[in-house]
Amino acid sequence: VTMKVIVDKTPTFDPIEPFCEIDENFSLPTISTNGISGTWSPEFDPYNSQTYTFTRDSGDCTQQVTLDVVVYPQLKFDFNLYCDNSEYYIEFIPNNFSLSEITNIQWLINNSSISETGNKINLSDYSNLLQEVNTIEIIFTDSNDCLHTKEIQILGKDFCKIQKGISPNGDGLNEYLDLVSFGGVDLKIFNRYGSVVYEKSNYKNEWKGQSNAGKDLPSGTYFYYIKTNIGEQFTGYIQLTY
């Protein structure tokens, strides 16, 4: 008597490393490590953790195997930039996680690493690293051992100073009142009679000598009132010339 023994292999797959970032180009392998072809269900979801089932294309056995794929929640974070007592600060702000969940914070200013390891740096302390265009980068590790990086560009190195005047004449110099480094302020501009001629909340660099109605104000001396988002207040005079 001759017996025919059929040895049917079970599909095997290497484990998939957890995803720290969304990868929309990733696809599950359609051939197992031991050479069995098939399909997965459901379709791969790059945004969520999921258990996938592999069904072989052919064979005497129809056993299915499963594979778990972990996609870690995506961290959302931003920078807060502001002046405080004439010093310029950049603060790292987590949106959907807490600072206690991250470790190994590293800051770079124009690709130079600095010693600060907290969530805030005083950029005014690093004037020797600053250029006309500055790239500020933070690198950190989260509780899932994922590495994250975020960067921001900051123009100039003259922070937290209020101009003596503006001259919106098209020559590219002092074209507007630049308060970007203050992080968004409440601004009021008064004429010499004490009337508000221009005002804006969350102001950064929009005033080029225009009134609230959008008309060019006459050359002359104007009075300003500035209140920052941390409560500092500044008053003074600014010269408008064309």
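Two strands are taken to pair if DSSP finds at least two bridges between them, and strands themselves are DSSP runs of E with at least two residues, just as helices are runs of H or I with at least four residues, numbered from the N terminus. The structure described here is a predicted model, in which local features need pLDDT of at least 70 and side-chain atom pairs count only at pLDDT 80 or more, whereas totals for chains, interfaces and linings use all residues. Residues are numbered from 1 along each chain as its sequence is written, and side-chain values use heavy atoms, with hydrogens and water left out.

In these terms, the protein chain has 15 strands and 0 helices. Its radius of gyration, at 30 Å, is well over the 18 Å that the globule rule gives for 242 residues, so the chain is more spread out than a compact globule; the radius is taken over C-alpha atoms, and the rule is 2.2 Å times the number of residues to the power 0.38. The C-alpha trace spans about 115 × 40 × 30 Å along its principal axes. Of the 242 residues, 36% count as buried, where buried means under 20% relative accessible area, exposed over 50%, and partly exposed in between, with a 1.4 Å probe and protein chains only. Among contacts (heavy atoms within 4.5 Å) with a separation of 6 or more, 45% involve residues 24 or more positions apart.

An open sheet of 3 strands has the order β1-β2-β3, with antiparallel pairing. Its edge strands, β1 (38-41) and β3 (65-69), each pair on one side only, and the twist averages 30° from one strand to the next, the axes being lines fitted to C-alpha atoms and the angles running from 0 to 180 degrees between N-to-C directions. Within this sheet, β2 (residues 50-56) runs antiparallel to β3 and is joined to it by 5 bridges, with Thr53 standing opposite Thr66 in β3.

Strand β6 (residues 103-109) is joined to β9 by 5 bridges, the two running antiparallel, and Trp107 stands opposite Ile138 in β9. β6 also pairs in the antiparallel sense with β7 (residues 112-113), over 2 bridges, and here Leu108 stands opposite Ser113. The two strands β6 and β7 form a hairpin with 2 residues between them, and Asn110 in the turn has a positive phi of about 50°.

The structure holds 2 disulfides, each being a pair of cysteine sulfur atoms within 2.5 Å. One of them joins Cys20 to Cys146, with an S to S distance of 1.9 Å. Cys20 lies in the segment before β1 and Cys146 in the loop between β9 (133-141) and β10 (147-155), so this pair ties together parts that are 126 residues apart in sequence. The torsion about their S-S bond is about -75°, so the disulfide is left-handed. Cys20 is partly exposed, with a relative accessible area of 25%, whereas Cys146 is buried, with 1%.

The other disulfide joins Cys83 to Cys160, with an S to S distance of 2.1 Å. This pair links distant parts of the chain, with Cys83 in strand β4 (residues 77-84) and Cys160 in the loop between β10 and β11 (165-166), 77 residues apart. The link is left-handed, with -95° about the S-S bond, and both Cys83 and Cys160 are buried. When the bonded cysteines are numbered in sequence order, the pairing is 1-3, 2-4.
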